[in-house]
Amino acid sequence: MGLVARHLEEHGIPTLIIGSARDIIEHCGVPRFLYLDFPLGNPCGKPYDKEMQFNVIKKGISLLQTSTAANSIEQLEYSWADDNAWRDDYSKVDDGNRAELARRGEDRRRQQAAEKAAGRTRAAMIAEG
Amino acid sequence: MTEVYDVPYMIRTRDYYRAQGYETDYVWAHNSETPFTPLSKPVNESKIGVITTSMPDTEQGRKERRVYSLPVSPIPKSMYTAELSWHHTVTHTDDVSSFLPLEQLKRLENSGEIGEQADKFHCLPTEYSQRNTTKNDAPEILNRLQEDEVDIAILVPL
């Protein structure tokens, strides 16, 4: 998404990214980024929390109005949970799932080879289970 | 007090790929300079377009990953997100407004805080191949936003 934001800016359309993968976005470099420190999947706020979702977008509009230079980043004040369990859990690799991941990788490579043979060139990143 | 830290997604993804037997690490896009376009008019006079990484929840959208455009009204009750790398074990994407801000922008349009919401929003496939994104999808998204005559784009990756 960062690459698309950069392309749009280069062609005269101002952009705002709202998201939760801060390291990836900062590494790419984007004009304006509103950061919500939540698990990936709900960048506009907690499911069914209408007021939070509205306030997130209002903050985004505010960032659009105030930012004057590239790499303008603002963090929202919301927190997902009181502990870090969700942070530690993302794409975790440990002895409990190492064999399963290796097997899944084999399956995936077989599938990728079949797709390539069929002329399909698009592939998503590996989905987190 | 538990120390809060940003999830290191690049490192986690690298280790996840390695654990699946991939020998070459993914190289994330990195740039030393970043373009910046100032707003051409105040937000309350601007037309805003939205771009999501979710796909239409249709047979076609589930099958073929490409750029799609959908009307902002009626707001879709669901979007296809199953293939994306969001955090499936701790949350869900059953509430479209938690990742696609159409309802919120409609509210801001009604209160006059934005000029208007574009009639369509656009679906952008997340891609392993950065070349597919930069050579094909980014120009396609630009074309569609120009057709919509948007002044500002809000991009919301899951």
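This is a predicted model: local features need pLDDT of at least 70, side-chain atom pairs count only at pLDDT 80 or more; totals for chains, interfaces and linings use all residues.
1. Overall build of chain B. Chain B contains four helices and seven strands, and their order along the sequence is α-β-β-α-β-β-α-β-β-α-β. The C-alpha trace of chain B extends over about 50 × 45 × 35 Å along its principal axes. Chain B has 158 residues, of which 50% count as buried. When contacts in chain B between residues at least 6 apart in sequence are considered, 70% of them connect residues at least 24 apart.

2. Extent of the interface. The size of an interface is often expressed as the accessible area lost when the parts come together. For chain A and chain B, the buried area is about 7,800 Å², and 61% of it lies on carbon and sulfur atoms. In residue terms, 84 residues of chain A are in contact with 88 residues of chain B.

3. Five salt bridges are found across the interface of chain A and chain B. The side chains of Lys50(A) and Glu103(B) form a salt bridge, with an N to O distance of 3.5 Å.

4. The elements of chain A that give two or more residues to the side touching chain B are helix H1 (2–10), strand S1 (15–19), helix H2 (22–28), strand S2 (32–35), helix H3 (50–66), helix H4 (85–89) and helix H5 (98–117). H3(A) supplies the largest share of that side, nine residues. By class, the side of chain A that touches chain B comprises 40 nonpolar, 21 polar and 23 charged residues.

5. Strand pairing between the chains. S1(A) pairs with strand S7 (residues 152–156) of chain B in the parallel sense, over three bridges. Within this pairing, Ile17(A) stands opposite Leu155(B) in S7(B).

6. Helix H1 of chain B. In helix H1 (residues 9–19) of chain B, the buried residues are Tyr9(B), Met10(B), Arg12(B), Thr13(B), Tyr16(B), Tyr17(B) and Ala19(B). The cover over these buried residues of H1(B) includes H2, H4 and H5 of chain A. Just after H1(B), Gly21(B) adopts a positive phi of about 90 degrees.

7. Thr93(B). This residue, Thr93(B), is located in the loop between strand S4 (79–80) and helix H3 (102–110) of chain B. Thr93(B) counts as buried because its relative accessibility is 9%, against a cut-off of under 20%. The side chain of Thr93(B) makes a polar contact of 2.7 Å with the side chain of Thr81(B). With neighbours within four places in sequence set aside, the residues in contact with Thr93(B) are Gly41(A), Thr81(B), Trp86(B), Phe99(B) and Leu158(B).

8. Glu140(B). Helix H4 (residues 130–148) of chain B holds Glu140(B), which is partly exposed at a relative accessible area of 29%. The C-alpha atoms of Glu140(B) and Tyr68(B) are separated by 9.8 Å, with the two residues 72 apart along the chain.

9. Backbone geometry to inspect. Most residues other than glycine have a negative phi, and most peptide bonds are trans. In chain B, the peptide bond that joins Ser73(B) and Pro74(B) is cis, with omega about 0 degrees. Pro74(B) is situated in the loop between strand S3 (68–71) and S4 of chain B.

10. Positive phi values in chain A. Asn71(A), although not a glycine, has a positive phi of about 60 degrees. Asn71(A) belongs to the loop between H3 and strand S3 (72–75) of chain A, and its relative accessible area of 42% makes it partly exposed. Ser91(A), also a residue other than glycine, has a positive phi near 45 degrees. Ser91(A) is placed in the loop between H4 and H5 of chain A. With a relative accessible area of 4%, Ser91(A) is buried.

Key
Residues are numbered from 1 along each chain as its sequence is written. Chains are lettered from A and ligands numbered from 1 in the order in which they are written. Side-chain values use heavy atoms; hydrogens and water are left out. Contact means heavy atoms within 4.5 Å. Buried area is the accessible area (1.4 Å probe) that two parts lose on being put together, summed over both. A salt bridge is a side-chain nitrogen of Lys or Arg within 4 Å of a carboxyl oxygen of Asp or Glu. Ala, Val, Leu, Ile, Met, Phe, Trp, Tyr, Cys and Pro count as nonpolar, Asp, Glu, Lys and Arg as charged, and the others, Gly among them, as polar. Two strands pair if DSSP finds at least two bridges between them. Buried means under 20% relative accessible area, exposed over 50%, partly exposed in between (1.4 Å probe, protein chains only). A polar contact is a pair of N or O atoms within 3.5 Å; within protein, one must be able to donate a hydrogen and the other to accept it, and residues adjacent in sequence count only if both atoms are side-chain atoms.
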